[in-house]
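Open the structure in your viewer and keep the selection tool at hand. The tour moves from whole chains to single residues.

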Amino acid sequence: MTLALTLFTVISVSLGAIFFLAGTLGLLRFPDTLTRLHALTKADNLGLGLVVLGLLPQVAWPLGALKLIAVWLLALLAGATVGQLLGAAVPPEPGTPGDRATGAEGQTP
Amino acid sequence: MSLALAADAFLALLILGLAIWTIAASQTYGAVVGFVAYGLLVALVWVRLGSVDVAMTEAALGSGLTGLLLLGAAAHLAPLEAAERQARPGPWLRLLVGALCGAVTAVLAAVVLSLPEPAPTLGPAVAEHLATLGVRNPVTGVLLGYRAIDTLLETVVLVPALVAVWSLATDPAWGGRPASPGPRDPGSALTLLAQVLPPAGILVGIHLLWVGADAPGGKFQGAVVLAAMWVLVLVAGLRRPPALAGRPLRWLIVLGALVFIVIGLSGVWLAGAFLAYPEGLAKPMILAIEILLTPSLAVILGLLLLGPPVADRGPGT
C-alpha cells in the first residue's frame with residue numbers, strides 16, 4: 001500500500017514537472033504574448049495541480065492536505081487574474097482580429 | 001553527489017545568475033522584476049537552511065513589499081531614464097565602484113570562511129530558558145524576549161519612515177488622500193480578485209500572527225498579508241485611500257509602537273529593566289505586543305505603498 005502511494009506520488013509529481021517544463025518551453029518559444037500567457041497558465045494550473053495531487057498522500061490528513069489544496073486554489077485564482085490583466089494590457093497586434101481585445105482598448109489610460 | 005546537494009547547488013547557481021542579470025539589466029523595470037524573483041529564490045534558500053521564519057519574511061517583505069515599492073519608484077523614474085543613461089559615469093569611477101564592491105564581497109567571503117568550525121552559539125541557552133517566556137517558537141522567543149530592543153526599534157522606525165514618505169507631499173496636499181493606486185473598472189478580473197481573496201487573505205494573516213508563538217510566523221508576516229489585502233482592494237478601486245489627517249488612522253499608526261514602549265517601560269517598574277517581563281506575565285505581554293502591533297504594521301506598510309498624499313478636489317479634511 002505504501003509502495004503504491006509512493007509510486008503514485010512519483011508519477012504525479014513527475015507529470016507535474018513535465019507540464020512546468022512544457023509551459024516554460026512555450027513561454028520561451030511561442031510567438032506572441034497571448035499564446036505565451038496561455039502556455040504559462042497551463043503550466044501553473046495543471047503542473048501545480050498534479051504536484052499537489054501527488055503530494056496529498058504524503059502529508060497529514062486533513063489539515064496538511066487541505067492546506068496544499070488551498071495553495072493550489074489560491075495559485076489558480078492568482079494565475080487566472082494575472083493572465084486576464086496581462087492579456088487585457090496587450091496592445092492588439094496588427095495582423096490579428098482585435099475584437100477579443102475590445103475590453104482593453106476602451107480603458108487605455 | 002546526493003540529489004539534495006545537487007538541487008542546492010543548482011539553486012545557488014540560479015541565484016548567482018539572476019543576481020548578475022539583475023545588475024546588468026539595462027531597464028530599471030527589468031532589474032526590479034529580477035530583484036523580486038531573486039528574493040523569492042533567496043526565500044527558498046532560507047527554507048533549505050531550515051529558517052522558515054526568515055524565508056517568510058524575505059518573501060513577504062524583502063521580495064513582495066520592497067519589490068512593489070521599487071516598481072513604483074521605477075515607474076516614477078521611467079521618464080528620466082534615457083537621459084540618465086546618456087550621462088554614464090567615466091570609466092575610472094565605474095572601475096572604482098566595481099573594485100569597492102569586489103572588495104566588500106571578498107571581505108564577506110573571508111569572514112564566512114574564517115568562522116570557527118563549531119560556530120559559537122547561544123542556541124542551547126535560549127532553548128533551555130524558552131519555557132519561561134511561554135512561547136514555543138524559538139524565533140519569536142528571541143525576537144520578543146532576548147532581543148526585544150531590536151524588535152522595538154525596527155517596528156518604531158516604520159513610523160518616522162511613513163512620516164518621511166508623507167513629507168514628500170506638497171503643502172496643500174498635506175493631510176489629504178494618497179493617489180488612488182488604480183482606476184475602478186467593474187469589468188476587470190482584478191475586481192473579482194479583490195472581492196474573493198480578502199476573506200481568505202485576512203484569515204491567513206491572522207493565522208500567521210497566531211501561530212507565531214508556536215510555529216514559523218508572527219506579526220510582520222501576518223501584517224504584510226493584511227496590508228496586501230487592503231492594498232488589493234484599493235488597487236481594484238473598490239475603496240478610496242483614507243485621508244491621512246484622520247485622527248483614528250493616526251492613532252492606529254502609532255498604537256503598536258506606543259504599546260510596545262509602554263510595556264517596555266512597565267518592565268522598569270515591574271521587573272527592574274527596560275523591556276524585561278515580570279515573572280509569569282511574559283506570555284500575555286508578548287501576546288499583547290504581537291496582537292496590537294499587527295494592525296499598526298499592516299496600516300503602516302499599506303500607507304508606505306500608497307505614497308504621499310496628493311492634492312484633492314476638496315479641501316484637506
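Each stop below gives a selection and then what is there.

**Ground rules**

This is a predicted model: local features need pLDDT of at least 70, side-chain atom pairs count only at pLDDT 80 or more, and totals for chains, interfaces and linings use all residues. Residues are numbered from 1 along each chain as its sequence is written, while chains are lettered from A and ligands numbered from 1 in the order in which they are written.

**Stop 1: chain A**

Select chain A. It has 4 helices and 0 strands, where helices (H or I, at least four residues) and strands (E, at least two) are DSSP runs, numbered from the N terminus. The order from the N terminus is α-α-α-α. Of its 109 residues, 11% count as buried. A residue is buried if 20 or more other C-beta atoms lie within 10 Å of its own, exposed if 12 or fewer, and partly exposed in between, with C-beta atoms placed from the backbone. Among contacts in chain A between residues at least 6 apart in sequence, 56% join residues at least 24 apart. Two residues are in contact if their C-beta atoms, placed from the backbone, lie within 7 Å.

Now select residues 2-29 and 33-55 of chain A. These are helices α1 and α2, packed at an angle of about 170° with their axes 8 Å apart. Axes are lines fitted to C-alpha atoms, for helices over the stretch in contact, and angles run from 0 to 180 degrees between N-to-C directions. That angle makes α1(A) roughly antiparallel to α2(A). The cut-offs: under 35 degrees is roughly parallel, over 145 roughly antiparallel, 65 to 115 roughly perpendicular, and the rest oblique. The contact residues of this pair divide into 16 nonpolar, 8 polar and 2 charged. Here Ala, Val, Leu, Ile, Met, Phe, Trp, Tyr, Cys and Pro count as nonpolar, Asp, Glu, Lys and Arg as charged, and the others, Gly among them, as polar.

Move to the loop between α2 and α3 of chain A, where Pro62(A) lies. The peptide bond from Trp61(A) to Pro62(A) is cis, with omega near 0°.

**Stop 2: between the chains**

Show both chains. The contact takes 6 residues from chain A and 7 residues from chain B. On the chain A side, helix α3 (residues 63-89) gives the most, with 4 residues. That side divides into 2 nonpolar, 4 polar and no charged residues.

**Stop 3: chain B**

Select chain B. It holds 12 helices and 0 strands. Its C-alpha trace spans about 60 × 55 × 40 Å along the principal axes. Buried residues make up 27% of the 317 residues.

Pick out residues 52-86 and 219-235 of chain B. Helices α3 and α10 pack there at an angle of about 40°, with their axes 9 Å apart. α3(B) and α10(B) are therefore oblique to each other. Their crossing is left-handed: the near helix is turned anticlockwise from the far one by less than a right angle, whereas clockwise would be right-handed. On the α10(B) side, select Phe220(B), Gln221(B) and Val224(B); the α3(B) residues they meet include Met56(B), Ala60(B) and Leu65(B). This contact divides into 6 nonpolar, 3 polar and no charged residues.

**Stop 4: the cores**

Which residues have the most contacts inside the largest nonpolar core? Select Ala223(B), Val224(B), Ala227(B), Leu232(B), Ala298(B) and Leu301(B); the core has 55 residues. A nonpolar core is a set of buried Ala, Val, Leu, Ile, Met, Phe, Trp, Tyr and Cys residues joined through C-beta atoms within 7 Å. Elements giving two or more residues to this core include α2 (28-48), α9 (189-211) and α12 (282-306) of chain B. Center on Leu301(B). Leaving aside neighbours within four places in sequence, Leu301(B) is in contact with Leu65(B), Ala223(B), Val224(B) and Ala227(B). A second, separate core of 7 residues includes Phe19(A), Leu37(A), Leu40(A) and Ala43(A).

**Stop 5**

Go to Leu275(B), in the loop between α11 and α12 of chain B. Leu275(B) has a positive phi of about 70° although it is not a glycine. Is Leu275(B) buried or exposed? With 23 C-beta neighbours inside 10 Å, Leu275(B) counts as buried.

Finish at Ile261(B), in helix α11 (residues 247-270) of chain B. Ile261(B) has 15 C-beta neighbours inside 10 Å, so it counts as partly exposed.
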